[in-house]
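Have the sequence and the 3D view open side by side as you read.

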Amino acid sequence: MPFRPGTFLRSRKLWSGAWLLAGLAGCVEPYAPDVINDPTTSYLVVDGFLNARGRTRIRLSRTTVLAADKATPLETGASLTIEGQQDGARYLLREIASGTYVSDSLRLDETQQYRLQISTQRNTAYASAFVPVLLTPPIDSVRWRSENDQAINISLDAHDETGQARYFRWQGTETWEIVPTHVPIIEYVNDTIRPIRVRYPRVCWTGQQVSSIRLADLTALSSSVVRDQLFHSLPILSKPLFSRYSLLVQQYAISKEEHQYWTTLKKNTESLGTLFDPQPVQLTGNVQSLTDPTEPVLGYVGAHSQTEKRIFISRSELRNSLRIASEYDGRCARLDTLSVYEAYLFKSPGIVPVGIIVGPFGISGYTWSIPTCIDCRRRGTDVRPSYWPKESF
Amino acid sequence: MKHLYSLLFLLSLLLLIGPRGYGQQLAPPAKTVTGDFTRVPFGQFVRELETQTDYRFYYDATAPPDSFRVSLAARALPLATVLQRVFEGTPYRFALTADGRAFITSGVSIEAELPGLFFRPTGTLAEGPVVAAPADELAPTATPGRSRYVTVAEYKVYEIGMGGGNGPATLAGHIRDVKTGEPVIGATIFSESPSVGTSTDQFGFYSLTLPAGRYTLQVRSVGSKNTRRQVILRGSGRLEIEVEEDITTLKEVVIEGEKDKNVSSTQMGLEKLDIKTIKQVPTAFGEADILRVVLTLPGVKSVGEGSTGLNVRGGATDQNLILFNDMTVYNPSHLFGFFSAFNPDMLQGVELYKSAMPAKYGGRLSSVLDITTREGNKKKFSGAGGIGPLTSRLTLEGPIIKEKSSFLIGARTSYSDWILRRLSDKKFRQSSAAFSDLSAHLTHQFSDRDAVYATGYYSSDRFRLASDTTYRYANKSASLKWRHNFSNQLYGVLTGAFSHYDYDITSEGNEVNSSRLKYSINQTSVRADFNYYPNPKHSIDFGVSSLLYNVSPGGLTPLSAGSLVVPNILDREQALESAVYVSDKMDVNQRLSVSVGLRYSLYNALGARTVYEYAPGESRSENTIIDTVSYGAGKVLATYHGPEYRVSARYSLSDNSSVKLSYNRTRQYITQLTNTASVSPADTWKLADNNIRPQVGDQVSVGYYRNFKSNTIETSVETYYKSLRDFVDYKGGAVLLLNRQIETDIINAEGKAYGVEVLVRKLTGKVNGWISYTYSRSLVRANAGTPADQINNGRYYASNFDKPHDVTLVGNYRFSRRFSTSLNFNYSTGRPITLPIAKYYAGNSLRVFYSDRNAYRVPDYLRADLALNIEGNHKVKKLAHSSWTVGVYNLTGRQNPYSIYFKSENGQIKGYKLSIFGRPIPTVTYNFKF
C-alpha cells in the first residue's frame with residue numbers, strides 16, 4: 001500500500017495550527033490568476049476509440065474553467081471521419097446526440113493504421129495520429145468474491161492466444177435495482193381515497209460508469225495472460241448490493257503509447273496542486289490540431305476492438321445476516337400518518353398516500369410518504385434493461 | 001620556574017618602555033614633590049604625585065591597596081627620595097625610568113634602566129614554547145577600555161626561537177579570547193611589511209612563515225578589538241595571542257577583522273557570518289535564527305516563507321552539506337521549518353561555501369554550510385539565555401580544569417503546548433506542538449600539541465495539530481575530535497562522528513487504521529585531516545575519510561491488535577562512501593595565488609538487499625521488472641567512483657580589487673526524496689544503488705571584487721554556471737514512501753543553473769549592512785528514455801526553486817552604543833507552480849488539465865522587517881549583560897503566499913492562497929549573558 005504524506009499534510013488544519021503558533025491567524029484568500037479562469041481557454045476533448053469490430057462512438061466536448069459549476073460543454077455540429085492510411089478508406093460518423101458521434105458497424109483492417117479526423121463547426125481541423133489496429137481477446141471470466149464480509153471484489157481473467165495484446169484497459173458499467181420500501185395501495189383522486197389503479201413501479205434501475213482507470217501491462221510476462229485481475233471493489237453493505245447488482249466489464253487491448261497515456265491520466269487526477277502534493281503532469285494525448293499545432297487537444301484515440309462480459313450479484317448470494325443499506329433508509333424507512341379528516345392534504349403533490357390505518361371503528365387514518373421515497377423513477381428508470389433477468393420482479 | 005617567571009616579568013616590563021625608553025636620551029622629567037600628607041589613601045597620593053611630577057605611575061591597583069595610607073611631609077624632595085621613604089619597611093618596591101614612568105611592584109625590585117645586552121638570546125626563552133605573559137601583571141592604568149593584559153602584550157617584544165640565521169622561521173600558535181580562553185576562528189594575523197599574513201583555522205590555530213627579523217604583527221578578528229604583537233623572529237617558535245572581545249559592538253555587523261579578505265583571499269563563493277551578525281537580523285519569533293540569516297545572502301533561496309530548506313545557486317534542498325561541528329545534520333529545522341534547530345547562544349558562526357568548495361568537503365553538490373559552536377569559557381563560569389514569545393533558551397559554560405578544559409551546554413525548548421491548551425477552540429486544544437534541542441561541547445587541552453573536542457547534539461520535534469496524526473522527528477549526533485600538532489608546520493585532526501535522523505508518523509484515529517510509519521538513517525564516519533605549511537607560499541591540506549550509511553527506508557506497522565494495517569517494512573540499505581583528497585594553496589607571486597585540489601570519492605552500495613532489474617528500453621515500472629537479485633550482507637551491489645576537481649585562483653588587479661576564478665566538481669551519493677515543493681517531515685533520504693545513479697555537478701564561477709574607502713565598503717560581482725547530471729526529478733504522481741520500486745517513479749534528469757550575484761557591503765560605521773541583487777535561473781530537463789520519463793516533452797523547465805530576481809537588504813543603524821535598529825528587506829520572484837488550468841470529462845470521470853510543469857509562478861514575495869535592539873549599559877564588570885529586542889516581522893503586512901492549493905467545492909474547483917504571516921507580527925525577546 002503506497003503511503004501518501006500528502007493526505008496528512010494536505011490537511012488545512014495543520015497549517016491553521018502553524019498560524020496559531022505564530023500567535024495570529026493566517027489568511028486564506030481566493031486565488032484565481034487570470035490563466036485559470038480564462039474563459040477563452042476551451043480545449044477540445046476527444047473521448048472514445050476507433051472500434052475495429054463494430055460501431056465507433058466518439059464524444060466531443062470542451063474543457064471549462066475550473067470554477068465552472070455547469071457540465072462541460074459539448075461540441076456539436078462537427079464532422080468526424082475515420083481514415084485508413086493505406087487504402088484511404090473513409091468512414092463518416094453521425095451525431096446521434098449532442099456531442100456524441102457514431103459510425104456504422106465497421107470492420108477495420110488490422111494490417112493497416114487508422115486515424116480520426118475532426119472538423120468542427122468553427123472550421124478547425126484536428127486529427128489523431130495513425131494508430132495500428134489491435135484485436136481484443138475475449139474476457140475468459142468475471143468473478144466476484146466476498147472479502148471478509150467487508151467488500152465485494154470483482155476480478156477477471158483473460159488471455160490472448162496470439163500473444164499480441166500486451167497492454168489492457170478495462171472499463172465498466174454498473175447497474176442495480178432500486179426497490180422502494182413502501183408500495184402505495186391507495187391513491188387520492190377527485191378528493192377521495194380509492195384503491196390504486198396505476199401502480200407505482202415495484203423496481204427501477206440505475207447505474208453508473210466505473211470511474212477508476214484499470215490497466216494491465218503484461219510485458220514482463222512470457223505469455224499474454226491476465227489472471228485474477230482486480231477490476232472493481234465495492235463495500236458489501238453499500239446500496240447497489242441491496243437487491244440485484246450487475247457489472248458489465250469492457251476489455252480493450254491497447255498499444256504501449258495508449259497505456260502510457262492512461263497510466264499518466266490515472267496518476268494525474270488523484271490530487272490537486274498543493275504544496276505537498278506530487279507534481280502533476282500536463283497530459284494531452286495523440287490528437288493534434290491541424291490548423292494550429294500549438295493548441296492543446298485532449299484525448300487519446302486508439303484503434304481496437306472491444307470485448308465484454310457481464311455478471312450479476314443477487315442479494316440472495318450474500319450472507320443473510322448482512323444489513324445492506326437501502327436507497328430508502330433514513331427518512332424513507334418509516335411512514336407518517338394523517339387522520340381521515342386530514343385527507344384533503346393529499347391534494348398536495350408532495351404527499352403520497354400509501355396505506356390505510358384500520359381502527360376499531362373502521363378506517364381511522366392513512367399512512368403517507370413523500371414522492372422521492374415512493375416513486376423509484378425519481379432515482380432511476382423503470383424501463384427494464386434488456387439483459388436483466390426476468391425472474392426477479 | 002620562579003626564575004623564569006621573574007625573567008618574563010622583567011622582560012615584559014622592559015618591553016613596556018622598550019620602544020621609547022631604550023636607546024633614546026630624553027630630558028629628565030620634573031621630579032620634585034612638595035606637600036603634607038596625613039593618612040592619604042595611596043591612590044590619592046599617586047594622583048598628587050602625578051600632578052606634581054611628569055611621571056606616570058604604573059602599578060597593580062590591589063598592591064599597594066587603598067588601605068595603604070601615606071603620611072609624609074615633603075619640601076621639594078626628589079620623587080625617588082619620596083618613594084623611598086614611603087615604601088620603607090613595606091614589601092613594595094619602585095622603579096623610575098628616564099621617560100617619566102614609575103613602576104611600583106610588590107616584593108620584587110626591578111631595574112628600570114637595563115643593561116645594553118639585554119636582548120642577547122637566552123636559552124630559556126628560545127626553548128620555552130610559550131611567551132605569553134601572565135595576565136595579572138603590573139600594567140599601565142591609563143588606557144581606558146583596554147585590559148591591562150592586552151596593552152602590556154602589545155608593547156612587549158616577544159623573542160621567538162634560537163639562532164641568528166636569516167632563513168625562514170615558522171611562527172605558530174593560537175589566537176584566543178582573553179576572557180574565555182576560546183579560540184578565535186578566522187582571525188587574521190599579518191605583517192604589513194613584508195606583506196605576509198594568514199588566518200586562524202577552526203581551532204584558532206595559525207602558522208606564519210617569515211624570514212628571521214623583527215616584525216609588528218597585526219591581529220584582526222570579527223568581534224574582537226584589533227591588537228598587535230611585536231616579535232623578533234630568530235627561529236621557529238610559538239606565540240599564543242589573546243585578544244579582547246569588543247563588547248560595545250555587540251550588535252554591529254563586524255567584519256572588520258577580515259577587512260580586505262573580500263579582495264585578497266583566494267576563496268570565492270564563501271559567506272561567513274558570525275553570531276553577532278546573525279543575532280541582529282529580525283525574525284518572526286524574535287529569536288536569532290541562523291538559517292534565516294543565511295537565506296538573506298546572495299544566491300541562497302527557499303521556496304516558502306516557513307521553509308528553511310536552502311536552495312543554493314539553483315541547487316535542491318538536499319544538496320547542502322550541513323555540518324554542526326563536523327556532524328552531518330539531516331533535518332536542520334524545527335516546527336516544519338519555522339525555526340532552525342540550532343541554539344544561537346552556542347554558536348560561533350557559520351560558513352557557507354557556494355563555490356570553490358574546499359577539497360576537504362564532499363558528498364553534496366551545491367554547498368557546504370559549516371556551523372561551529374564556541375569552545376566554552378576556559379576561565380570562568382558564565383551563561384547566556386533568552387526568553388521569547390515561543391521559546392526559551394539557556395546556555396552555560398565554564399572551565400572544568402581552568403585554562404585546560406571547558407564545557408559548553410545549551411538547551412532550548414518551546415512552550416507552544418502550554419499555549420495551545422489554553423485556547424478556547426477545541427481543535428487547538430487537541431493539538432500539540434513541541435520541540436527542543438540540546439547541545440553540549442567539551443574541550444580539553446592536554447598540551448600544546450594535543451587537544452580533544454567532543455560534541456553532542458540532540459533535537460526533537462513532535463506535533464499533533466487538530467488531527468489524530470502525530471509527527472515526531474529527531475536528530476541525534478555526536479562527534480569526537482583529536483587534534484595533534486606534529487610541528488609548527490603540520491597538524492592533524494582525527495574525527496569520528498555519528499549522526500542519526502529518524503521520524504515517525506503515528507496515526508491512531510480509528511482502531512482499524514492505527515499505524516506507525518518509521519524512517520531512520522544512521523551515518524558513522526571517520527576522517528583524518530592534515531594541514532601542512534611547508535613554506536609561506538604553500539598551504540597543503542590532505543586527508544582521508546570514510547562514511548558508512550545505514551538507512552531504514554520505511555516501515556509501516558500496525559499500532560494495536562485491532563488494526564488491520566498490514567505490516568510493510570522495506571529492506572535496510574547500506575553504503576560506504578570513502579574519499580581521499582589533497583589540495584595546495586600557493587602564492588605564485590604577489591598578485592596571483594592559486595588553489596588546486598583533487599578529491600577522489602568511492603561509493604559502494606552494500607547488501608543485504610534485494611534489488612530489481614528492469615527491461616532495458618522500457619519505462620521502469622512494476623510491470624517491467626525482469627529480474628530480482630538478492631545480495632548477501634556486506635556484498636557490493638553497485639560501485640560508483642570519480643574524481644572531484646577543486647580549482648580556484650585569484651589575481652589582484654590592484655591593492656583593492658581582484659578577479660577570482662573557480663571550477664569545482666562534486667558528487668553526491670545520497671538523495672532526499674521529496675516531490676513536494678517544500679521540505680516536509682515525511683521526506684526520506686535514499687542511497688544511490690544500481691538503479692539510482694549518484695548526482696554529479698560542475699560549477700564554473702568568475703568574480704570581480706573591489707573594496708572602497710579603505711576596505712570599509714566591499715563590492716563583488718560573481719557569476720556562475722552550473723551543470724548537474726542525474727539530478728533527481730519525479731514522474732507525475734510519484735509515490736515516494738514505502739515504495740519498494742522507488743526507481744520506477746524517479747527520473748534521472750539533467751539540470752543547469754546560472755546567475756549573477758551583486759553584493760555591496762558596508763562593514764563599519766553607524767550605518768552598516770549589505771544589499772544584494774541576484775539574478776539566477778535553475779532549469780531542469782528530462783528528455784532521456786521513453787516519453788513516460790520525459791517532462792514537458794523533454795524541454796528545459798524551471799525547477800521548483802527557480803526564482804530569477806532577488807533583492808535583499810540587511811541594514812543596521814546605530815543611534816548610540818545602546819540603541820540600534822535593524823531593517824531587513826527582501827523581494828523575490830514567486831516560485832514556479834504547475835497550475836490546473838481547465839477541467840474536462842473523459843474516461844467516465846471529471847479530469848483536470850494541468851499546465852506544463854512549473855509553467856506559472858506564484859505572486860512575488862516581498863517582506864520588510866524592523867527590529868530595535870536595546871542594550872543594557874556597557875560596564876564591563878556587571879552581573880549580567882542583558883538586551884531587549886523589539887521587532888516587527890512583515891512590516892507592510894503583505895500577504896505573501898505560503899501555499900497555493902485547489903480544492904473541489906460542489907463541482908467547482910477553486911484556488912486558494914494561504915499566507916502564514918499575512919500581517920505585521922510584533923515580537924519582544926529578552927536576552928541575557930552572565
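Of the 393 residues in chain A, 35% are buried. Keep in mind that you're looking at a predicted model, so each chain comes with confidence scores as well as coordinates. For the complex, the predictor gives an ipTM of 0.81 and a pTM of 0.71.

**Chain A: the overall build**
- Count up the secondary structure of chain A and you get four helices and 24 strands.
- Take the contacts in chain A between residues at least 6 apart in sequence: 70% of them join residues at least 24 apart.

- Chain B has a mean pLDDT of 80, with 83% of its residues at 70 or more.
- Looking at the elements of chain B, the lowest mean pLDDT (36) belongs to helix H4 (residues 123-127), while strand E35 (residues 592-606) has the highest (94).
- Residues 4-28 of chain B stay under 50 in pLDDT, and the model has 33 contacts for them beyond four places in sequence.
- Residues 248-258 of chain B are also below 50, and that stretch has 37 contacts in the model beyond near neighbours in sequence.

**A closer look at B:Asn343**
- You'll find B:Asn343 in the loop between strand E21 (339-340) and strand E22 (347-353) of chain B.
- Is B:Asn343 buried or exposed? It's buried, because 28 other C-beta atoms sit within 10 Å, and 20 or more is enough to count.
- Leaving out residues up to four places away in sequence, B:Asn343 touches B:Arg393, B:Thr395, B:Gly410, B:Arg412, B:Asp437 and B:Ser439.
- B:Thr628 is 285 residues along the chain from B:Asn343, and their C-alpha atoms are 47 Å apart.

- A:Asn123 isn't a glycine, yet its phi is positive, near 65°. This residue is in the loop between strand E7 (113-119) and strand E8 (125-128) of chain A, and it's exposed, with 7 other C-beta atoms within 10 Å.
- B:Arg313 isn't a glycine either, and its phi is positive at about 45°.
- The peptide bond from B:Gly607 to B:Ala608 is cis, with omega near 5°. B:Ala608 is in the loop between E35 and strand E36 (609-614) of chain B.

Note on methods. Residues are numbered from 1 along each chain as its sequence is written. Chains are lettered from A and ligands numbered from 1 in the order in which they are written. This is a predicted model: local features need pLDDT of at least 70, side-chain atom pairs count only at pLDDT 80 or more; totals for chains, interfaces and linings use all residues. Helices (H or I, at least four residues) and strands (E, at least two) are DSSP runs, numbered from the N terminus. A residue is buried if 20 or more other C-beta atoms lie within 10 Å of its own, exposed if 12 or fewer, and partly exposed in between; C-beta atoms are placed from the backbone. Two residues are in contact if their C-beta atoms, placed from the backbone, lie within 7 Å. pLDDT is the predictor's confidence in each residue, from 0 to 100.
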